[in-house]
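Hi there,

Here is the structure I promised to pass on to you. Please open it first, and then read my notes below alongside it.

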Amino acid sequence: MKAAPIFRSDILKARTQRLQEKMRAKGIPGALIRQNADLYYFSGTMQEAYLFVPLSGAPLLMVRRNLARARAESSLENVIPLGGVREITKTIAGHGYDIPGLLGLEMDVIPAKLFLYLRDDVFSGVEITDIAHAIREVRMLKSSLEIEWLRQAAEQLNSVIKEVPDLLRPGMTELELSIELEYRLRRAGHQGFMRMRAWNQELFFGHILSGPSGAEPSYFKGATGGRGINPAFSQGASSKVISVGEPVSVDLGGCVNGYMTDQTRMFALGFLPEELKKAYEAVIEIHYGLRKKIRVGETCGRIYEWASDKAASLGYADNFMGYGEAKMPFIGHGIGLEVDELPVFSARNPLRLEAGMTFAIEPKLIFPGAGHIGVEDTYVLTPEGPEALTTSPDEMVIIKT
């Protein structure tokens, strides 16, 4: 039996109309979408294609490859073949659409070579503008279907996290623990890839870090990075042996139908030094304080400022969200089809929170030479406040050796 498209036509229509409203407000009469996550969101397929969105009416999905699969996966009305990129304008005009005088492109992610070709050769004479922020704003507010998939992704992750106490043992390396958890996530249906929008940001399942490696920064734009296996992917789990008395951070994402949740839980073998226990108590106090502060209408910047001030009042100003030059000025990030969606809870960000936003809140304290202490949960913002989607117990788990 042929599988139904993952997004019904009415869902895609509503998404397109929300984008068209933003295009109308910005005076952009047409947009061309190419990036995979955006393409999936607006068309239901990631086959190699270009989606033309006019100011009004149905979009046009022009497919280079694979047409049969794109037609099976997408519920859009207009899914047609495209012979080559240079034929885009001819194809648009040939199906009754006007070539806009101003065209929006995803300028935060589109490769420079493709941008220049589209601007100078394919759409010669057409003014180009950025449509990326409008797209990200549309994707920022999640539907009930998306939230349900996020709940399922959280449960997928929860089912694996609860196995950590039975898996973690003295002499085990970070990599060995990571492999055990990755295996279980894949068995549970995880796609095995965590999408990030920011250029040169990469992520594979998440980070398993212990002791000093938990405090080691990397090129990954987060409070923690880790050593990784080698300089070619210098983040996440390494061959370091997990020792008794070290904090062990399990920071992983679940994923269902492309939608991801993010969660961090802490473990230790045998015992944890008192100063790190106190740090964990502080992290929990910050986290639960954030649950009370995050409300519809509040700004992301004020949320960050409250968390930063709270950490300072507890004596952890130097350790909050990094250490030294590696400090990161944020406390949380939007999440959905990409790990780094809007909203971003960063310093001075004026964006006001709305019901339907989904995000991960992750207060973390970094202690060079000792490790890091942190907790992270994924939430959906409701009119009553944030609802936790990730529901694993958040106490520090001390595993007997």
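**Charged pairs**

Glu 362 forms a salt bridge with Lys 364, and their closest N and O atoms are 3.1 Å apart. A salt bridge here is a side-chain nitrogen of Lys or Arg within 4 Å of a carboxyl oxygen of Asp or Glu. Both Glu 362 and Lys 364 are buried, where buried means under 20% relative accessible area, exposed means over 50%, and partly exposed is in between (1.4 Å probe, protein chains only).

Before going on, a word on the source: this is a predicted model, in which local features need pLDDT of at least 70 and side-chain atom pairs count only at pLDDT 80 or more, while totals for chains, interfaces and linings use all residues. Residues are numbered from 1 along each chain as its sequence is written, and side-chain values use heavy atoms, with hydrogens and water left out.

Side chains of opposite charge can pair when their charged atoms come close. By the salt-bridge rule, the count comes to 27. One of them joins Asp 377 to Arg 265, with the closest N and O atoms 2.7 Å apart. Asp 377 lies in strand E15 and Arg 265 in strand E9, so this pair ties together parts that are 112 residues apart in sequence. Helices (H or I, at least four residues) and strands (E, at least two) are DSSP runs, numbered from the N terminus. Asp 377 is buried, at 0% relative accessible area, and Arg 265 is buried too, at 2%.

Salt bridges that share partners also join Asp 38, Asp 108, Arg 139, Lys 142, Arg 197, Glu 338 and Glu 341 into one network.

Another pair to look at is Arg 184 with Glu 163, whose closest N and O atoms are 2.8 Å apart. Arg 184 is in helix H9 and Glu 163 in the loop between helix H7 (144-161) and helix H8 (164-167), so the pair ties together parts 21 residues apart in sequence. Glu 163 counts as partly exposed because its relative accessibility is 29%.

**Nonpolar cores and a patch**

Which residues touch the most other members of the largest nonpolar core? They are Ile 294, Ile 331, Phe 345 and Ile 373, out of 37 residues in that core. A nonpolar core is a set of buried Ala, Val, Leu, Ile, Met, Phe, Trp, Tyr and Cys residues joined through side-chain atoms within 4.5 Å. Among the elements that each supply at least two residues are strand E9 (259-269), helix H10 (274-293) and helix H11 (300-313). H10 gives the most, with 7 residues.

Leaving out residues up to four places away in sequence, Ile 294 touches several residues, including Ile 303, Phe 345, Leu 353 and Phe 359; contact means heavy atoms within 4.5 Å. A second, separate core has 36 residues, among them Tyr 40, Ile 135, Val 138 and Leu 389.

On the surface, Leu 175, Ile 179 and Ile 229 form a nonpolar patch. Leu 175 lies in helix H9 (residues 174-187) and is partly exposed, at 31% relative accessibility.

**The whole protein**

The protein has 11 helices and 17 strands. Along its principal axes, the C-alpha trace spans about 70 × 45 × 40 Å. Buried residues make up 55% of the 401 residues.

Enjoy exploring!

Definitions and conventions:
Patch = residues over 30% accessible without salt bridge, like charges linked within 9 Å, V, L, I, M, F, W, Y side chains within 5 Å. Areas by Shrake-Rupley, 256 points an atom, 1.4 Å probe, with all protein chains shown as cover.
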